[in-house]
Amino acid sequence: MRCNQTDGSMWAKMSKITIESNNDISTADHTVNEQTPAKAWLILAVVYFASIMAPLSQFKIPPLATWLFAAYGSYGLDNVSFGLLMSSMAIVGCLLAFPAAFITRRIGLKATVLLSLACLAIGNALGAAITELGALMIGRLIEGIGIGLIGVAAPACVSVWFPEKSRGKALGIWATWVPVGIIVMFNLAPAFAGVAGDPATLTADHVQLATYASNATILSELSQEDITLSREVGIDGYCAIYWGCAFFSTLAFLLFALVFKMPHSSGTGAEKVKNTTALSAKDEDLNSRRDALDASGEATNTKVVEFYTKDRVQDAKQLDEQKHASNIMEFKGSLLTSFCLLRNRNIWLLGIVFFVFCWCTLGVVNTFHGNFVMGPPLNLTQQEASSLTSIIMFIAIFSSAAAGVAFDKVSAPKKKYLIVVTLSVLLVSNLFGFNATPALAFPFLIVMVVCQGISGGATGGVCRPFAPLLMGGTPMGAIIAMALLQFMQNFGNALASPLFGALLGITGGDYYFCSIVFQAPALLIGIVAALLINVRQEVLAKSGSV
C-alpha cells in the first residue's frame, strides 16, 4: 500500500491522534478541545444555592444575639451557653470530619447533599417551633450534621461536572460560599428579626436588655410579666430567621433533587464497558476506512479524515471525563487504614496552625465581637454590629484569592513563611481588638476589622492548598489532609467559644483582657508550629527526586 508524501503526512497525523487516544488524548489536545457542558453551570448554581444554606444556618446566632438573650435569658442562656450554640455545630463537625468522605462514598453524592439539606431544614424548624434552650441546642446539633456532610459532598458535585480547564474556576466560585453566607446572614438577620420590634429598646427594672453581654444574670431574674411584655414587642423575631432558613433549605432540597444528576460519563460499570467497546469499534472502522481510501486513491479526502478525527477525539474525551468522575469517589482503603497517612509530622504542625487560626477567628471574633461593639463605649445597634462583622468577611474574599496567587508563586520551602505573616497580622489584630478605651475604641476597631479580614482570608487561602502538598500529592493523602483541617477547624471553634464565654463571666465582661490572654499565646504557638514545617522532603518525594 502506497501513499504520496502529502497523504502519508496526513495519515500520520491522524494515526498519531488515534494511538494517543487509546491511552487518553494527549494533555495538550485535551486542554484545547475540551468544552464545559452547558448544564455544568446550572449544576454549579444549584450546588452553590444548596451549599450556602450551611453558613446561613451556622452563623445566624451572632446577629440574633439580642433576640436570643431576651427570649432565652429566663431559661438560663448566658455567655457560656451562647458560645455553646455556636460550638455545638462544630462538635458535630469534629465527629464527622473523617467519616464524611466515606459516608459520601457509601450513599453517593446526591443522597449526601439531600441528607445534609434535610438536616438543616429539620434543625432550623425545631429551633423555631419549640421555645426551650434544650430544643435550641438539639436543633443546632442536627444542623451540624448537615454542615459536616455538605462541606465534603458539594465540591465533589462541582468537580464531576467540570473538565480540567474550567474546574479551578468553578471551584473558586464555589469556595465563596462561607464568606458570602456570613455576609448575607449578618446583614439581613437583624433587619428581618427586627420587623416586630427590637427587644434592646425595652427596659426591665430600668436596665436595658442590651446590657446582656455583661449582665446576663439580669435576664434570668426577669419576671414572667416582663417576659410576656417583651415577647409582645418582638423578642421572638429570631423565629423569622429560623423559619426562613428551614424554608430555603427545603427549597434547596427540592431544587437539588430535581436538577442534579451525575454526568453521563460517570455511568455504571456496564456502561463503561459499553463505551470502551464502542471506542474500539470506531478504531477498527477508522482503520478500515483508511485502507479503503488508500486502495481507491482517495486518501486526500480530508473531510472523511476530519470527521473521524473529531469524532474519535470526542469519544476519548468522554472516557477521560468518565475516569475523572469515577476517581472523585474512588477512595482506596478503609477509614482505619487511611489513618496511617496521618503519621506525618508536618501535617500535624499545619493542623495546629489551623486550630489556632479557627480558635481566634471563629471561636472568639465571629462569635463575640458583635456583642462587644453593642456595649459601651461604641453602643452600636445589632444591625450595625452585624454589618461591621460582615465587612471582615468581605475583605477575606479578596485576601483569600490574593493568598492563593502568592502561594503558587512562592517556592515550596518558603510557603510556610506566608503563614507566619498571616498569623502575625492576626496577632496585631488581637492587640487592637476589643479595646474599650473611649478615645481609642473606634480607630482601634478599624485596624482590627482590616487586619482580621486580611489574615482571616489569607490564612485559609494558604493552609488549604498547603495540606495536600505536605501529604505528597496523593488523592487519598489529600482527602485525609483536608479532613484533618476540617477537624481542627471545628475543634478550635468548639473549644474556644464556650471557654471564652466562661472567661468573660469570670472577669466580669473584660473583653480586652480576655482577648489578649486567650488569643496571643495561641497565635505565638501557631507561628512556631508554622516555622517548624519542613516541606522539602514532601515536594521532592512528589517529584520523584527521592
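Predicted model: local features only at pLDDT ≥ 70, side-chain atom pairs only at ≥ 80, totals over all residues.
Ground rules. I number residues from 1 along each chain as its sequence is written, and side-chain values use heavy atoms, with hydrogens and water left out. Local features need pLDDT of at least 70 and side-chain atom pairs pLDDT 80 or more, while totals for chains, interfaces and linings use all residues.

Overall. I looked up the secondary structure and found 23 helices and two strands in the protein chain (DSSP runs numbered from the N terminus: H or I of at least four residues, E of at least two). Of the 546 residues, 52% are buried (under 20% relative accessible area, 1.4 Å probe, protein chains only). I then took contacts (heavy atoms within 4.5 Å) between residues at least 6 apart in sequence; 84% of them join residues at least 24 apart.

H3, residues 38-58. The 21 residues reach 32 Å from first C-alpha to last, close to the 30 Å expected at 1.5 Å a residue (1.5 Å times one less than the number of residues). I find 15 of the 21 buried, so H3 is largely enclosed by the rest of the structure.

H10, residues 177-193. Its end C-alpha atoms are 23 Å apart, which agrees with the 24 Å that 17 residues should span. Buried residues in H10 include Trp-177, Phe-186 and Ala-193.

H17 and H22. The axes (lines fitted to C-alpha atoms over the stretch in contact, angles from 0 to 180 degrees between N-to-C directions) come within 9 Å and cross at roughly 160 degrees. The two helices are therefore roughly antiparallel (over 145 degrees).

Definitions and conventions
Parallel < 35°, antiparallel > 145°, perpendicular 65-115°, else oblique. Buried < 20%, exposed > 50% of the residue type's maximum accessible area, 1.4 Å probe, protein only.
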